[in-house]
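Here is a short briefing on one protein model.

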Amino acid sequence: MRRMILVVDDDPAVLQSYGRLLRRLGCQVVLSEDSEKVRTDPDSLCGVDLLILDQRMPKTTGLDLLASLRRRGAGVAGCFPAVILISAFLSDDLRERASRLGVAEVIEKPINTAHLLES
C-alpha cells in the first residue's frame, strides 16, 4: 500500500515543488493551501501517514493547526500521522512547542531537499 503525505502550505508554488519532490518517493501526495479546510474537515487526515506543515500561514500557524487537529482527535482510530514542521523562523520556544505537540522533525527554510526526502 502506498503511503500518503499531506502537505499544508499557503504558497501554491511551494506546494507544487513539494508535490514533485515527494512523489519521487512513490507516495500519494495531497497538497492543501487551505489550512482552515484541513482544520474543519473531519476526514482531512484519513489515511495520512505523514503531515508536513508550514509554520507561517495567513490564517494560522502550523503548530496552531496541529494543536487544533490533536484536540479534535483527528487521525484514524487514535493513530495520528507523523508530523514535520517547516519554518524559516526557528527559535528554542518553537522547537519546544513542536516537541510537546509530537512533531517528529522541525526543518529550517530554505529546505535542503535531500534532508526532507531522508526525513
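Cysteine 46 counts as partly exposed, because its relative accessibility is 48%; partly exposed lies between buried (under 20% relative accessible area) and exposed (over 50%), with a 1.4 Å probe and protein chains only. The model is predicted: local features need pLDDT of at least 70, side-chain atom pairs count only at pLDDT 80 or more, and totals for chains, interfaces and linings use all residues. Residues are numbered from 1 along each chain as its sequence is written, and side-chain values use heavy atoms, with hydrogens and water left out.

**Cysteines**

- Cysteine 27 is buried, because its relative accessibility is 13%.
- The structure holds zero disulfides, a disulfide being a pair of cysteine sulfur atoms within 2.5 Å.

**Nonpolar cores**

- A nonpolar core is a set of buried Ala, Val, Leu, Ile, Met, Phe, Trp, Tyr and Cys residues joined through side-chain atoms within 4.5 Å.
- The largest such core has 21 residues, of which Val8, Leu51, Leu53, Leu63, Leu85 and Val103 touch the most other members.
- Two or more residues of this core come from each of β1 (4–8), β3, α3, β4 (82–87) and α4 (92–100). Helices (H or I, at least four residues) and strands (E, at least two) are DSSP runs, numbered from the N terminus.
- The top contributor to this core is α3, with five residues.
- A second, separate core holds 14 residues, including Tyr18, Leu22, Val29 and Leu116.

**Helix α3**

- Which residues of α3 are buried? They are Gly62, Leu63, Leu65, Leu66, Ala67, Ser68 and Leu69.
- Their cover includes β1, α2 (35–40), β3, β4 and α4.
- Leucine 63 touches Gln55, Leu85, Leu94, Arg97, Ala98, Leu101 and Val103, not counting residues up to four places away in sequence. Contact means heavy atoms within 4.5 Å.

**Threonine 60**

- Threonine 60 sits in the loop between β3 (50–54) and α3 (62–72).
- Threonine 60 is buried, with a relative accessible area of 8%.
- Apart from neighbours within four places in sequence, threonine 60 contacts Ser35, Arg39, Gln55 and Leu65.
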